[in-house]
Amino acid sequence: MKLGNEQTSPKFRMIVNLSWSPLNSGPFVYFLMPSRSFCLRSTQQSYMHLSQKFYESMKACGDLKLVPVARKIHAQLISTGLNSSIFLQNHLSNMYSFCGLIDDACRVFCDIGSRNVFSYNTMINGLASSGRIGEAKKLFDEMSERDSVSWNTMMSGYFCNGKSEDTIKVFASMIRDSASIPNLYSFSCVMKACGRLGYVKLALQLHGLVMKFDSGIDASIEKSIMDMYIKCRVLDYAERVFLRMPNPSLFCWNSMIYGYSNLCAVEKAVNLFQKMPEHNSVSWNTMISIFTQHGFWSETLRMFVEMWNRGFAPNSMTYATVFRACTRVYDLEWGTHLHARAVRMEPSLHVFVGNGLIDMYAKCGHLEYARRVFNSLIEPDAVSWTSLISGVAQFGLEEEALVLFNQMREIPIALDEFTIATVLGVCSGQKFLSVGEQLHAYTIKTGMESYVPVGNALVTMYMKCDNTHKVNYAFQLMPKKCIISWTLMISAFSQAGDVEKAWNCFSKMPERNIITWNSMISTFNQHGFPEDSLKLFNLMLWKGIKPDWVTFATSINACADLAMLNSGMQIAALTKKLGFGSDVSVANSIITMYARCGQVEEARKTFDSITIKNLISWNSMMAGYAQNGQGRKVIEIFDNMLKMKSEPDHISFVSVLSGCSHSRLVTEGRMVVKKYKYEITLNLRNKQPRPLFYLEKFTSGFLIGLSHISAITREEMLHNRSCPFTNTCFPFFVAFPRPYANSHCIAVSLCLSLSHKFLFSPVRTLKPPRCKLDTLNLFSSSLISARAA
């Protein structure tokens, strides 16, 4: 017969004897005692020798998990009459436990007449390994005497079944039991449980207890102590243990690097990596993973190249991590190069690598390549489907994404919470709201609404559909809520304009992060409560929360709304102190704040300090000059903006026209409008509509203002009642015939200001100008044209 690799191993040959059976001309497999003659000879052997043979066979069978062989060995044990041996019964029970036949092991245990400590320890270990920890605890309590193995087995069973607190309780009972002394394994097990729970005080006590039992000098226990401190996130103590090691192992070096990464100390992790006497694949993969987790995408690619040059072959997880970095920097060239290298190394793509490629190609805009990779996978998993659905939905192909989801269900593949959350994101709109509600019903039916990602996706979906009632309903059904859940609720109430409920939600949060604080500060600022926004900012600083650029930008905008120059200058100084002064969004807010407080020169200094200006930078500076009546400076900034090839939007033109209006720069205003009309024509011709098109609704109002400014200037100079500029202005006004509310407001306010100027004019000979009537005539004509259209 043909045997596999596992069956030709020394352990298998130990329990198999090939001989010729008289009943069959071919080879026949016998286990231990295949023939009657062998049985007769074995009876002449000593009991110890035969017991040793059975023990070796049971151990080999348990290691290989050969279930049929295990039952045959048990049968042969009964046939030889050795089944009453406690030694062999214990190992028979152990063999059944290793083979996963825990019920058979229990029957053997029950047949043991005089059980010893080893019998109990073996059965406790088998029950705990199969997840029946409750039965293991009952056996443990029945023991009349226990050794250190009994305690360690019970602790290990609790730990492996996720019951870390019970592990610590068993260890505490062991310490109180004077008959048992903890060994290195005892300390290692309880330290793992302590690290999983993050109990810092207990970690210090365990460290002291280790030193008391003179076990602290052992290299293995030092590893456990250091690993415990790392998992408890107290790197200072972990460093002390690490530095006291004469020759730290690679495991210790890698553990310390991992610990630094958990506390965002990436620089320390890099320095420690460079100090390592040698590296292994775990070291390189750990560093690559650290760079990816903290957003250092370029460093991730550089580390991968260095790893390859040093002769370390990447595995599937390495490729998946590097593909993620390529996705983040949108470096498709690098990604395709790595794809080719991965295919060259292994023709069949591992599913981890395939998932990374699908995500990369989809997010870089190459859906066809993503589909090819997906189709090349032998067995795509849930992550593969989710990545493709997410990529398709990203490009607005919601219907195709839902079709893929239906195909996924038909295969079928088990849906996880991330797949459901992705599809719910596809339904975040009125068009597919009914599909989202059906999926919501499915999550309730399957119990998946209890998963945090699914609950957050439901809240987001209903929030984007402006259904605050269902948002609140989905939120209340969540059994567990994370910070994202609470922050989404704040955003939902803010979107609905209910600041009070947003504040109540913020106050009830068990914990907050910087995003939550920013969301609440922004809510106050957006709904006309800048004072409360600044109060919350001060509270945030008092609680020791480190602000980010969003916090500073929002708070400075609140100072601008309140025209609080001193507070704005203090926050601006704090931004420089914390290293956010060079952030363009923060600088834009500072420009607005100085401009609204009348400090245009300071605003200009901040503007000039920005290395790479964005559209908001230019608009903020132009709006600042316009608000302060410096129209020519507005035009100067506008010209510089065009020279830098920064494309203006409707806000840019509004700022320019407003500056021209305030400074009575009629000719310059006309030129801007002419250029605007040319841009509109050019965009329509190229079929590339831009935000400039929306400027139409602002232009008519500003032209009215420009025309009146020109008219009143001429009347003051010529002292006549004519308003010749009305005819000049009219062609421009006809070009933009649709009046808007702001046009009406501007026209009325200008007329009132002109009448106010005439009534209080020191020149009594000046008669009321006709431009007021001309304004109303122009505005009425525009209204008539709009209605006719």
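Biologist: What relative accessibility does Phe-296 have, and what does it count as?
Modeller: Phe-296 has 35% relative accessibility, so it counts as partly exposed; that class lies between buried, under 20% relative accessible area, and exposed, over 50%, with a 1.4 Å probe and protein chains only. Please note that this is a predicted model, in which local features need pLDDT of at least 70 and side-chain atom pairs count only at pLDDT 80 or more, while totals for chains, interfaces and linings use all residues. Residues are numbered from 1 along each chain as its sequence is written, and side-chain values use heavy atoms, with hydrogens and water left out.

Biologist: How many aromatic pairs are found in the whole structure?
Modeller: The search finds 21 aromatic pairs. Rings of Phe, Tyr and Trp (its six-membered ring) pair if their centres lie within 6.5 Å; planes under 30 degrees apart are called stacked, over 60 edge-to-face, and the rest tilted.

Biologist: And what kind of pair do Phe-291 and Phe-296 make?
Modeller: Their ring planes stand at 80° with the centres 6.3 Å apart, so the pair is edge-to-face. Phe-291 counts as buried, at 4% relative accessibility.

Biologist: What about Phe-607 and Trp-618, how are their rings arranged?
Modeller: Phe-607 and Trp-618 are also an aromatic pair, edge-to-face, with 75° between the planes and 5.3 Å from centre to centre. Phe-607 belongs to helix H36 (residues 600-609) and Trp-618 to helix H37 (residues 615-627), so the pair ties together parts 11 residues apart in sequence. Helices here are DSSP runs (H or I, at least four residues; strands are E, at least two), numbered from the N terminus.

Biologist: Are those two buried or exposed?
Modeller: Phe-607 and Trp-618 are both buried.

Biologist: Which residues do ring pairs link into a cluster?
Modeller: The cluster consists of Phe-304, Trp-308, Tyr-319 and Phe-323.

Biologist: Which charged end sits over the ring of Trp-308?
Modeller: That of Arg-341, at 4.2 Å from the ring centre. The criterion is that NZ of Lys or CZ of Arg is within 6 Å of the ring centre and within 35 degrees of the ring normal. Arg-146 likewise has its charged end over the ring of Phe-140, 4.2 Å from the centre.

Biologist: Changing topic, how many salt bridges are there?
Modeller: The count comes to 19, a salt bridge being a side-chain nitrogen of Lys or Arg within 4 Å of a carboxyl oxygen of Asp or Glu.

Biologist: Where are Lys-137 and Asp-141, and how many residues apart?
Modeller: Both lie in helix H8 (residues 133-142), 4 residues apart, so about one helical turn separates them. Lys-137 is partly exposed at 27% relative accessible area, and Asp-141 is partly exposed at 44%.

Biologist: What does Asp-561 form a salt bridge with?
Modeller: Its partner is Arg-596, with the closest N and O atoms 2.6 Å apart. This pair links distant parts of the chain, since Asp-561 is in helix H33 (residues 549-562) and Arg-596 in helix H35 (residues 584-596), 35 residues apart.

Biologist: Which residue forms a salt bridge with Glu-636?
Modeller: Arg-604 does, and the closest N and O atoms are 3.8 Å apart. Glu-636 is in helix H38 (residues 631-643) and Arg-604 in helix H36, distant parts of the chain that lie 32 residues apart. Salt bridges with shared partners join Arg-604, Asp-608, Lys-633 and Glu-636 into one network.

Biologist: What about disulfides, how many does the structure hold?
Modeller: It holds 0 disulfides, where a disulfide is a pair of cysteine sulfur atoms within 2.5 Å. Cys-61 is in none, and the nearest cysteine sulfur, in Cys-99, is 4.5 Å away. Cys-61 is buried, with a relative accessible area of 0%.

Biologist: Lastly, which residues form a nonpolar patch on the surface?
Modeller: Ile-175, Ile-181 and Phe-213 form it, with about 250 Å² of accessible area together. Patches are made of residues with over 30% relative accessible area and no salt bridge; nonpolar side chains (Val, Leu, Ile, Met, Phe, Trp, Tyr) are joined within 5 Å and like charges within 9 Å. Areas come from the Shrake-Rupley method with a 1.4 Å probe, and for residues only the protein chains shown count as cover. Ile-175 is in helix H10 (residues 164-176) and is partly exposed, at 34% relative accessible area.
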